[in-house]
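Subject: Structure handover

Hi,

Here is the structure I promised to pass on to you. Have a look at it first, and then read on for what turned up.

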Amino acid sequence: MKSLRRPYSEQRPTDIGGGVWSVPVPIPGNPLGYTLIYAIESPAGPVLVDAGWNHPDAWLALRDGLAATGMDIREVRGVVVTHFHADHAGLAGQVRQESGAWIAMHEADAELVGTMREAEEDAQRTERAGMLRRAGAGAAEIEAVTTAYRPEPPAAPDRTLRDGDMIDIPGRRLRTVWTPGHTPGHVCLHLEDADRLFTGDHVLPGITPHIGVYPYDRTDMDPLGDFLASLEKVAELGPLEALPAHEWIFQDTAERARAIGAHHEEKLTSLMALLAEAGEPLTIWEIASRMTWKRSWDDLPSMLRGMAAAEAAAHLRALEVRGRVRRTAEGDPKEDMVRFAVHS
């Protein structure tokens, strides 16, 4: 697919019709460049879909971008956060301080935000280090990942959402569609009065969202399985116009959702072949290092290796749930490492 992505410098607030505007908000230092924030007009004040990264430049872009559309950030009625990640939820708290707006988020992500806000940084570092060690990462990689900068947790929401809930926007019909996978509480939002779907990071036109397991060796969840089911759920809504949080607006959410699902099925097939070729149990880190990424493993910085390992773990967990691979204790028991092999 030819990319239609334009750099942030070429982005402008845009009237996309039907009382909906897009406002690009930068993500400093991130290759994604910006988040597309959507403002939905209502007689009681605009409601935002996401808010952007918590940074002074991002705040000015959001405030001034809304002003360019004729809206005042002090009159924002509410912010619906598609998921808790910093480039989506980071500025929600500042919008609330400025306008008194409510913040809404799915209950699963709201629970995670609460845990993040209560956790001590030292404890989190220790937990991450243990996760990386059990995955087979080296000492230098563990040090780099555990000491890397991490943004502050977002503001806690005032309202929690469940699948099917209607958003409080007078005169509009905006329904919550729970789409777990990228995060446990990711939601899309179906604007039923306009056949549009705000897709957050769930369905993007040119890239696919990160699907990972944290900690890598969890057995009580299957994020990729959830993601694939959520893609089909969205596809069943029909060929809606997609308003994603990154890249560009596009037609036919259903077609793109099914293409993303097929991409991951191909990745699962390749992973099975990789494990069969190895002929022995491999750690998560070893598996991730042999998988195909946009850049070679040697060129990936430690933080991106950590994310790649999380994605490898999510695919391994999906195969485990399907009965295709197994965890094994083979190897030195003193290492306490998780290894996977083809299920015999």
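First, a convention for the angles below: axes are lines fitted to C-alpha atoms, for helices over the stretch in contact, and angles run from 0 to 180 degrees between N-to-C directions. Please also keep in mind that this is a predicted model.

With that in hand, let me start with helix 8, residues 253-278. Helix 8 lies across strand 12, strand 13 and strand 14, and makes an angle of about 95° with strand 14. Those three strands make up an open sheet, ordered 12-14-13, with antiparallel pairing. Its edges are strand 12 (282-283) and strand 13 (325-328), each of which pairs on one side only.

Seven strands form an open sheet in the order 1-2-3-4-5-6-7, and here the pairing is mixed. Strand 1 (14-15) and strand 7 (159-161) are at the edges with a single partner strand each, so one side of each has no neighbour in the sheet. Two helices to look for here are helix 1 and helix 4. Helix 1 (residues 56-68) packs on the sheet and touches strand 2, strand 3 and strand 4, its direction making about 160° with that of strand 2. Helix 4 (residues 107-118) packs on the sheet too, touching strand 6 (102-106) and strand 7, at about 105° to the direction of strand 6.

Why is strand 3 described as largely enclosed by the rest of the structure? Because seven of its seven residues are buried, where buried means under 20% relative accessible area. The burial covers both faces: Tyr34, Leu36, Tyr38 and Ile40 are on one side, with Thr35, Ile37 and Ala39 on the other. Strand 3 pairs with strand 2 (residues 20-26) in the antiparallel sense over seven bridges, with Thr35 as the bridge partner of Val25. Three bridges join strand 3 to strand 4 (residues 47-49), again antiparallel. Across that pairing, Ala39 has Leu48 as its bridge partner, and Tyr38 stands opposite Val49. Strand 3 and strand 4 form a hairpin with six residues between them, and Gly45 in the turn has a positive phi of about 110°.

Finally, the nonpolar cores. The largest has 52 residues, of which Leu132, Tyr216, Leu224, Ile284, Trp285 and Ile287 touch the most other members. Several helices supply at least two residues each to this core, among them helix 5 (121-135), helix 7 (223-235) and helix 9 (284-290). The largest share, nine residues, comes from helix 10. Apart from neighbours within four places in sequence, Ile284 is in contact with Ala135, Tyr216, Ala309, Ala313, Leu316, Val338 and Phe340. There is also a second, separate core of 27 residues, including Ala51, Val95, Met105 and Ala155.

Happy browsing, and best wishes

Notes:
Residues numbered from 1 in each chain as written. Predicted model: local features only at pLDDT ≥ 70, side-chain atom pairs only at ≥ 80, totals over all residues. Heavy atoms only, no water. Pairing = 2+ DSSP bridges. Helix = DSSP H or I, 4+ residues; strand = E, 2+ residues; numbered from the N terminus. Contact = heavy atoms within 4.5 Å. Buried < 20%, exposed > 50% of the residue type's maximum accessible area, 1.4 Å probe, protein only. Core = buried A, V, L, I, M, F, W, Y, C linked by side-chain atoms within 4.5 Å.
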